[in-house]
Structures are given as structure tokens and as C-alpha cells.
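Before you form your own view of this chain, please read through the points below with the structure open beside you.

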Amino acid sequence: AAGNYKAAIEQFENALKIDPEHTGAYLDLGIVAMLQGEFDAAGRSFEKVVELTEGSSFAAVNNRRELALYNLGIMAVDQSRYEDAIGYFKGALRIRRDASDTYYHLARAYQGLDEVEAAQEQLEIALLFDPNYAQAHFLMGQLYERLDDHINASNHFQIAASLAPDADPPAEALA
């Protein structure tokens, strides 16, 4: 939290010397690596969490596994590996079905594959869990705009603009 990543990494590595299968240490190493822009190292750490939790009797309810899959999905979308991202997000959703942010990012992955209807379905679920999710409304507006449905697009842009009044993209899209 203090931004002292070097010391944090050192402590996580010490924890792994004591317990080489400590999924919390691997998860946190991955998060620190992401914050530092070291995405290969982050991916290795998150994959280790997934590997260590695979097949365990609590895999279906493992919060660390869900977070690792979610972060792997985020990185995959950012790297335009949309099919991989979809697999990661679906894995995360099998553990935590009420995560509106996971549905949002799953929609982004479907958008990357130009599967507009699938993206809209995921956004509808995200908005059921969080009707005030400005980014989801904005993306839904963009998807409706691609379908030349300007009425629904403007409705979602308006909601996004009202939920995030300091953000320029919704207001610009609405205009």
C-alpha cells in the first residue's frame, strides 16, 4: 500500500521460502508485478495460483483463484488475446457469479472478437448486479451505436454521463 514494491517482493519471496505453495504470496507478487508493468512476471505468478488451486476441494470457492483468473483475463484483454481472456473470466465467474466487473471485462473480450450480442449479454448481467456501473453503461452505448441503434446508445451514454459527470467520453459520445 505504501508503494515500496521492492520490500514487498522481498517479503513475499520470504513467505514462499517458508511455504512454497502459499497462494496468497503468489497472488500478491502478481499484483505487485502488474503495478510495476511487469506483465510476464505477473502472469507467471497468477498462473501459479491457478495451478496450485486446480482440483482442490475448495477450487470452486477459492477467492485467490478467482482473483488470479480475473487478473489473467485483464492482462489477456490488454494484450488482445480475447479468447484466452474469455476463458479466464468464465473461470472467475464460476467461482464468483456476482462480480459485475468480471462481466464487464468479459464483454470487452467479446467486443474484441466483434461478438456484439455476446458482449451486450454480459453487460446486461453486469448492470443487473450494479445498475450504477458507468463504464458498463458507456460500453453498452458504444455497442448500440455500432448497431446503429442511436436511441438505446444515447440512453446508455446519458446514464454513464450522469453517473460519471467528470468523465469526458460519455458526454462527448452523448453529444
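## Notes on a helical chain

1. Please keep in mind throughout that this is a predicted model. The secondary structure of the chain comes to 10 helices and 0 strands, and the C-alpha atoms fill a box of roughly 60 × 35 × 25 Å when it is taken along the principal axes. Of the 175 residues, 42% count as buried.

2. As background, nonpolar side chains tend to be buried together in soluble globular proteins.

3. What does L123 touch, leaving aside its neighbours within four places in sequence? The residues in contact with L123 are Y104, A107, A136, L139, M140 and L143. L123 is also one of the residues through which α7 makes its contact with α8.

4. Helix α8 deserves a careful look, since several points meet there. The helix covers residues 134-146, has 13 residues and reaches 19 Å from its first C-alpha to its last, which is close to the 18 Å expected at 1.5 Å a residue. Its buried residues are A134, A136, H137, F138, L139, M140, G141, L143 and Y144, and what covers them includes α6 (100-112), α7 (116-129), α9 (150-163) and α10 (168-174).

5. How are α7 and α8 placed against each other? The two helices pack at an angle of about 150°, with their axes 10 Å apart; angles over 145 degrees count as roughly antiparallel, and α7 and α8 are therefore roughly antiparallel to each other. Their crossing is left-handed. On the α7 side the contact is made by V116, A119, Q120, L123, E124 and L127, and on the α8 side by A136, H137, L139, M140, L143, Y144 and R146.

6. Not counting residues up to four places away in sequence, Q122 touches Y103, L106, A107 and Y110.

7. D114 lies in the loop between α6 and α7 and has a positive phi of about 60°, although D114 is not a glycine. D148 is found in the loop between α8 and α9, and its phi is near 60°, again a positive value in a residue other than glycine. Because exposed means over 50% relative accessible area, D148 counts as exposed at 58% relative accessibility.

8. Finally, please turn to helix α2, which covers residues 23-35, has 13 residues and reaches 18 Å from its first C-alpha to its last, close to the 18 Å expected at 1.5 Å a residue. The buried residues of α2 are T23, G24, A25, Y26, L27, L29, G30, V32 and A33, and what covers them includes α1 (5-18), α3 (39-53) and α4. Just after α2, G37 takes a positive phi of about 80°.

Notes:
Residues numbered from 1 in each chain as written. Predicted model: local features only at pLDDT ≥ 70, side-chain atom pairs only at ≥ 80, totals over all residues. Heavy atoms only, no water. Contact = heavy atoms within 4.5 Å. Helix = DSSP H or I, 4+ residues; strand = E, 2+ residues; numbered from the N terminus. Expected span 1.5 Å × (residues − 1). Buried < 20%, exposed > 50% of the residue type's maximum accessible area, 1.4 Å probe, protein only. Axes fitted to C-alpha atoms, helices over the stretch in contact; angles between N-to-C directions. Parallel < 35°, antiparallel > 145°, perpendicular 65-115°, else oblique. Left-handed = near helix turned anticlockwise from the far one by under 90°.
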